[in-house]
Amino acid sequence: MIEYRTLTKRMEFSASHRYWNNNWSEKKNLEVFGKCTSKYGHGHNYVLETTIEGPVDPETGMIINIYQLKPMIKSVLEEFDHKFLNEDTDYFEELIPTTENFAKILYECITEKLKCADCKLRKVRLYETKDLFVEYWKEQ
C-alpha cells in the first residue's frame, strides 16, 4: 500500500497592486473597490504556503527534497517580489490582481516548475494579511 503525505513550505514576499476594472466608470470602481483603486496601488507582505502531495520515498524518507523545492518556489516568487503587479508583470494586464486571482496565478506558475516524478502540487494558500487568505487547488 502506498501512503501519501503532504509537505507545506511557507515563504514570504512583498508586492503591491491596484484594483481597477477598465470596463467600469471611476465611480463604480470606487464603489466596489474603495481605497484599493488608488493609482499608486497599495502593498502587502504576502505569505505563500505551497503544499506538495506524494508518497514518501523509502530511501530518503521524503516526499520531495526541500533543497529542491525551496529554490523552485523562490524562482517563481522572484517574478512578483517587490513588484507592482498591475504594471511589472504580464499576468494582470486583463486580470484584476485580487488575492483570489493571484493565488491561481501562483498555483499555475509553481505547477509549471515542479519537477518531481511522484509528487504533485496539492494547493497553495496565499495570505494577504495575517487574517485574510485564499486557497487555490485543482481537483485531480
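Biologist: Let's start with one pair of residues. Which residue in strand 2 is the bridge partner of Glu 12?

Modeller: Val 47 is the bridge partner of Glu 12 in strand 2. Before we go on: this is a predicted model, where local features need pLDDT of at least 70 and side-chain atom pairs count only at pLDDT 80 or more, while totals for chains, interfaces and linings use all residues. Residues are numbered from 1 along each chain as its sequence is written, and side-chain values use heavy atoms, leaving out hydrogens and water.

Biologist: What makes strand 1 and strand 2 a pair?

Modeller: Two strands pair if DSSP finds at least two bridges between them. Strand 1 (residues 4–17) and strand 2 are joined by 14 bridges and run antiparallel, so they meet that rule.

Biologist: And what holds strands together in general?

Modeller: Strands of a sheet pair through backbone hydrogen bonds, either parallel or antiparallel.

Biologist: In which sense do strand 1 and strand 3 pair, and over how many bridges?

Modeller: Those two run parallel, with two bridges between them. Ser 16 stands opposite Phe 84 in strand 3.

Biologist: What makes strand 3 and strand 5 edge strands?

Modeller: The open sheet has five strands in the order 3-1-2-4-5, with mixed pairing. Strand 3 (83–84) and strand 5 (132–136) each pair on one side only.

Biologist: How do you know what counts as a helix or a strand?

Modeller: Both are DSSP runs numbered from the N terminus: helices are H or I over at least four residues, and strands are E over at least two. By that rule the protein has four helices and five strands, in the order β-α-β-α-β-α-α-β-β from the N terminus on.

Biologist: How do you know how far to trust the model?

Modeller: The mean pLDDT (the predictor's confidence in each residue, from 0 to 100) is 94, and 99% of the residues reach 70 or more. Among the elements, helix 2 (residues 66–77) has the lowest confidence, at a mean of 95, and strand 5 the highest, at 98. Where pLDDT is low, the predicted coordinates should not be read in detail.

Biologist: What about Thr 111?

Modeller: Thr 111 sits in helix 4 (residues 99–113). Its relative accessibility is 39%, so Thr 111 counts as partly exposed.

Biologist: And what makes His 82 stand out?

Modeller: His 82 has a positive phi of about 55° although it is not a glycine. Most residues other than glycine have a negative phi. His 82 lies in the loop between helix 2 and strand 3, and its relative accessible area of 64% makes it exposed.

Biologist: How many disulfides are there, and how do you know?

Modeller: The whole structure was searched and zero were found. For Cys 109, the nearest cysteine sulfur is that of Cys 119, 17 Å away. A disulfide is a pair of cysteine sulfur atoms within 2.5 Å, so Cys 109 is in none.

Biologist: What makes something a pocket here?

Modeller: On a 1 Å grid over the protein atoms alone, a pocket is an open set of points where a 1.4 Å probe fits, with protein on both sides within 12 Å along at least five of seven lines; lining residues have an atom within 4 Å of a point. Grid points are joined across faces, edges and corners, and a volume is the space filled by probe spheres set on the points. The largest pocket holds about 280 Å³. It is lined by 15 residues, and Trp 20, Asn 22, Asn 86, Phe 92 and Glu 93 are the closest to its centre.

Technical notes: Buried means under 20% relative accessible area, exposed over 50%, partly exposed in between (1.4 Å probe, protein chains only).
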